[in-house]
Amino acid sequence: MGRTLTFEIFRYNPSDPDSKPHMQTYTLEETPSMTLFIALNKIREEQDPTLQFDFCCRAGICGSCGMVINGRPGLACHTQTADLPDKITLHPLPVFKLLGDLSVDTGTWFRGVGKKIESWIHTKKQFDENAPEERMDNELANQIFELDRCVECGCCVAACGTARMRDDFIGATSINRLARFYIDPRDERKSSDYYELIGDDSGVFGCMGLLACDNVCPKQIPLQDQLGVMRRMVTLESVKAIIPDFIRNKLVGCPDKND
Amino acid sequence: MQIHYCDVLSVGAGLAGERVAVEAAQAGYKVICLSIVPPRRSHSSAAQGGMQAALGNSIMGDGDSPEIHFNDTVKGSDWGCDQEVARIFAEQAPIAMREMAFMGVPWNRVVPGEHTYYKGGKPFQATEKKENEGLIHSRAFGGTAKWRTCYTSDGTGHAVLFTLDNRMLELGVQVHDRMQAEALIHDGERCMGVIARNLRTGELEAYIANATLIATGGFGRLYRATTNAVICDGGGQIIAQDTGIVPLGNMEAVQFHPTGTVPTDILVTEGCRGDGGTLLDVNEYRFMPDYEPEKAELASRDVVSRRMTEHMRKGFGVKSPYGDHLWLDIRHLGEKHITTNLREVYDICRHFLGVNPIHQLIPVRPTQHYSMGGVRVNKDGHAYGLKGLFAAGEAACWDMHGFNRLGGNSLAETVVAGRVVGKKVVEFLQGDSMVYKADAMRDALRGVEQRIENLKKGTGDDCYTLRNEMQDAMMEYVGIFRNGKDLQKGVDKLQEILERTKNMRLAGKGQRGQDAEMAMALRVPGMVRLALTIAYGALQRTESRGAHAREDFPERNDRDWLKRTLATWKPGDSLPTLTYEEATPFFILPPGDRGYGGGKIIDGPDIPAEKLVSFAEKKEAQGA
Amino acid sequence: MTPRSPQQVASRLDFWQALSGAVLALFICVHLVLEGSVVLSPKITDWIGWIMEEVYLAQVAAPLILLIIVFHFWVAARKMPFRAGELRIYFQHSRELGDADTSLWLVQVVTATIILVGAFFHVYSVMVDMPLEVDKSAMRLHEGWVVFYVFFLPACILHTGIGVYRIGVKYGFISKARREFWRKTIWIVMGAYLLLGTCAITRVWFIGDALIQAVQ
């Protein structure tokens with residue numbers, strides 16, 4: 001027999017001056033293989049059409065449905081109710097602007113940091129239609145894709161103590177994104193350029209090594225390892241004149257990006 | 001009301017929309033993209049497998065050429081495609097892939113030396129050439145003569161989308177997310193932009209543009225079981241059809257994917273079968289070679305889907321509370337292969353099904369997957385009937401897919417068509433001056449406002465009830481196997497639902513700010529009209545071609561049906577008006593046997609010599 | 001040299017934080033082992049103390065270490081939740097999240113405060129009571145300092161252990177794959193130091209007992 005699940009859901013409509021933040025309770029019969037995607041849609045369609053939340057691919061690929069599930073940020077679509085207790089508490093992700101109930105504005109936030117860290121390949125080359133593609137080692141392509149797998153769901157940001165305390169912290173996701181460009185030979189930026197972008201407390205030095213980003217990442221991206229690579233590179237860049245180059249080159253991830 | 005001005009407005013910010021936007025922005029034009037979700041969440045990101053392009057770097061793709069790619073595409077389309085467009089596509093695809101590599105896509109590359117691959121569950125050896133080391137690699141996909149599908153692990157759509165969106169950031173293209181386009185602004189001749197509803201605030205906003213692009217993807221959500229994201233509700237096709245002028249092409253051509261998982265309908269990639277996954281029945285017997293001795297699991301999608309349905313109807317399906325299904329077996333590929341090359345598949349199985357594909361079978365069944373039809377455009381991507389309106393990607397019927405598209409061709413289409421159409425949009429802008437008519441905008445605005453007011457006054461069913469009934473009708477009557485009787489039932493049922501949408505009510509009474517119910521309610525009548533367009537087009541098409549399989553007309557009929565359905569919806573009508581046009585302006589590959597799928601063909605008259613051209617001949621379309 | 005950006009100072013601060021932390025960690029490790037020698041025999045400890053004084057290491061090192069502590073605190077304090085509400089937000093966040101690593105940082109903040117204040121008293125009390133001798137320490141313990149060390153010693157060990165772990169994590173020396181191993185190792189080492197420290201204090205306490213009884 002299925003359980004009866006109790007959902008405690010955060011409700012607040014910031015566009016409505018009469019709305020006050022509060023928790024609302026719904027109950028639902030559990031069905032086999034039920035995910036929070038199925039459950040929330042059932043609640044909206046059958047019990048409360050005013051409930052707001054975001055889903056898109058419902059397959060854990062697009063990153064739309066990040067929310068705080070029983071205290072931990074995660075993707076609702078790939079959370080099975082079978083893995084949760086009878087009582088399920090849902091909050092919107094903190095840090096991001098609340099749009100309504102469980103729906104937050106991750107889009108604006110990610111566009112902002114994307115611009116800030118200049119999340120694109122910097123090259124002076126021009127594309128030549130007639131030339132064959134530049135060669136790349138397959139292993140390197142795989143490594144780049146490993147870091148490119150981030151779906152920008154915002155869970156790591158919501159789980160980050162620094163991000164909770166400091167509005168301007170760019171979060172593990174952004175530093176991971178930059179790490180992706182750091183190892184990409186097509187990006188012609190040097191260590192000093194990266195240093196300019198993230199060499200302060202809103203960037204890589206804001207990270208206090210709390211590891212929650214790593215622990216909640218639905219894609220299991222080794223975020224802290226990337227933070228480590230970038231922090232080492234930027235720190236060594238900051239003491240360029242103090243530490244001899246041969247030591248620096250040993251310690252950084254991509255020595256050919258040192259200048 | 002807020003009014004935004006730009007040179008190019010893209011409705012949709014998936015791969016096709018962004019590729020066009022990038023092209024126009026590179027030419028110096030001001031571009032705005034509208035998107036229901038932040039652009040990186042577009043459904044393009046969910047495409048796992050890859051993009052077909054005849055680069056011929058891998059040993060199994062050795063000797064490949066655009067012409068062979070073209071031939072595969074035409075055969076795949078069951079001769080329903082526009083061969084001129086298919087040629088443009090096949091020729092441009094390799095350039096488009098290299099360009100994406102230049103922009104930053106981490107394509108998988110050729111590793112020289114011997115490697116093992118699986119075909120039909122058996123291991124084979126192949127040796128990659130040393131001189132091709134580091135060039136873009138390719139994998140096998142169904143319905144192709146060569147290994148041609150460029151890929152990045154199994155997150156190709158994601159990787160390409162992120163790369164394009166990075167380029168958008170670099171070029172400073174504005175993206176207005178959480179905007180839902182509700183109506184095109186036009187005067188019957190010229191498109192001038194859209195009226196969109198801001199999903200954050202619920203306010204209507206006007207976008208005035210010289211060129212408007214529809215790139216909203218498919219309409220899978222017309223079906224209950226679909227691999228498509230929840231945003232794939234046909235929004236672009238709806239606003240085009242609502243003009244009463246712009247025709248939708250071949251809407252009855254709807255593809256089902258053989259391997260949607262049960263019960264969540266999440267797609268597992270064709271790469272599973274390409275890499276050697278097999279399909280098993282209730283007795284864990286591999287049945288596909290019995291039906292398709294040559295290609296087995298790698299026949300084109302329509303064929304595999306139908307064979308699966310056929311086999312389940314014979315009673316070999318696996319019973320489950322969610323209906324019958326079959327098994328996909330990838331266990332023999334090994335842990336390393338499954339957790340790297342097929343990791344998304346692994347994740348989906350673990351997180352959504354509670355199945356470990358390294359040791360267990362994956363429950364699958366054919367599930368709605370792709371819409372070949374869409375806003376009918378010419379080879380430049382310019383919509384029929386309205387100047388200044390373009391469409392690209394799945395939303396469009398550019399028509400390189402005809403009645404069935406090959407795996408890897410749709411994702412490739414997004415960037416190839418995006419590139420081609422983008423250049424044509426730029427050409428259009430160069431020879432054009434801004435047309436803006438205030439009353440056209442007012443009319444469009446008033447229309448949307450009226451719909452919102454009506455919803456607030458409605459007393460009938462709510463939008464979810466009506467949508468669900470429509471989805472069930474589509475599954476039941478307009479699915480994989482079709483027949484006249486059921487299609488007629490479907491049309492009747494959908495007409496009844498359409499009538500009921502006129503008195504649709506808001507169960508939540510409408511609220512300020514974000515209101516998901518209102519967004520859905522505004523969509524439902526258009527969705528039902530699209531559903532009717534599909535059902536009615538399918539009813540009229542008395543043949544079987546590609547994905548359109550009629551039990552009562554099992555033959556492909558080249559004599560009467562070598563043509564494309566064009567459907568317009570005149571205001572106030574309860575059915576679309578169907579007209580037909582030639583499938584292709586000329587033939588490079590005259591109609592013949594696909595080499596898989598079986599089935600009889602009713603031959604048409606011989607193709608006149610002036611309509612036959614060779615692949616290399618750069619002949620302009622006859623009479624086009 | 002390439003032109004430095006205005007972020008230079010902030011950037012170097014992080015380096016100095018790690019470096020000063022590492023120096024202090026090293027110091028604590030050595031300091032505790034040397035003090036721990038009292039468990040074997042107070043004579044060894046007295047002898048070490050005598051050498052330290054003879055070469056003026058104690059007189060120089062003690063204030064220097066204090067300075068480094070102050071410096072380390074000052075640099076690291078930019079991360080501390082001083083602003084109104086910050087601590088509350090962090091506290092709530094860490095409670096909701098239930099994530100061990102997030103909560104450990106609160107331990108760092110608390111122990112940092114204990115150490116900053118404690119180090120002054122510790123050094124002051126020792127310096128005004130030169131020379132360095134076990135007997136003197138023993139008497140101080142009996143004057144009430146034992147309560148102080150019950151808090152001070154674990155604070156130092158915790159802060160050092162967690163700090164070293166964090167440097168390893170933050171600079172990517174402890175990778176995700178090896179994290180469990182290091183986490184365990186550091187807890188074991190911290191446990192060992194705590195045991196050593198406790199034994200040392202106990203031993204010295206009993207030495208003090210004996211001294212007091214001898215006087216009586």
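Student: What should I know before I start?

Tutor: Residues are numbered from 1 along each chain as its sequence is written, and chains are lettered from A, ligands numbered from 1, in the order in which they are written. The model is predicted, so local features need pLDDT of at least 70 and side-chain atom pairs pLDDT 80 or more, while totals for chains, interfaces and linings use all residues; side-chain values use heavy atoms, with hydrogens and water left out.

Student: How many residues of chain B and chain A are in the contact?

Tutor: Contact means heavy atoms within 4.5 Å. Here chain B brings 77 residues and chain A brings 68.

Student: And how much area is buried between chain B and chain A?

Tutor: Buried area is the accessible area (1.4 Å probe) that two parts lose on being put together, summed over both. For chain B and chain A that comes to about 6000 Å², with 50% from carbon and sulfur atoms. Arg41(B), Phe102(B) and Leu169(B) supply 13% of what chain B buries against chain A, more than any other three residues.

Student: How many salt bridges are there between chain B and chain A?

Tutor: Look for a side-chain nitrogen of Lys or Arg within 4 Å of a carboxyl oxygen of Asp or Glu. There are eight between chain B and chain A. Arg178(B) and Asp54(A) make a salt bridge, at 2.7 Å from N to O.

Student: What does chain C do against chain A?

Tutor: 38 residues of chain C are in contact with 42 of chain A. Together they bury about 3600 Å², 53% of it on carbon and sulfur atoms. The salt bridges between them number six. Lys176(C) and Asp214(A) form a salt bridge, their closest N and O atoms 2.8 Å apart.

Student: Which secondary structure does chain C have?

Tutor: Helices (H or I, at least four residues) and strands (E, at least two) are DSSP runs, numbered from the N terminus. Chain C has seven helices and zero strands, and its C-alpha trace spans about 65 × 45 × 35 Å along the principal axes.

Student: Which residues form the nonpolar patch on the surface of chain C?

Tutor: Patch residues have over 30% relative accessible area and no salt bridge; like charges are joined within 9 Å, nonpolar side chains (Val, Leu, Ile, Met, Phe, Trp, Tyr) within 5 Å. Accessible areas come from the Shrake-Rupley method with a 1.4 Å probe, and for residues only the protein chains shown count as cover. This patch holds Leu40(C), Ile44(C), Trp47(C), Trp50(C), Ile51(C), Val55(C) and Leu57(C), with about 750 Å² of accessible area together. Helix 2 (residues 42–54) of chain C gives the most, four residues.
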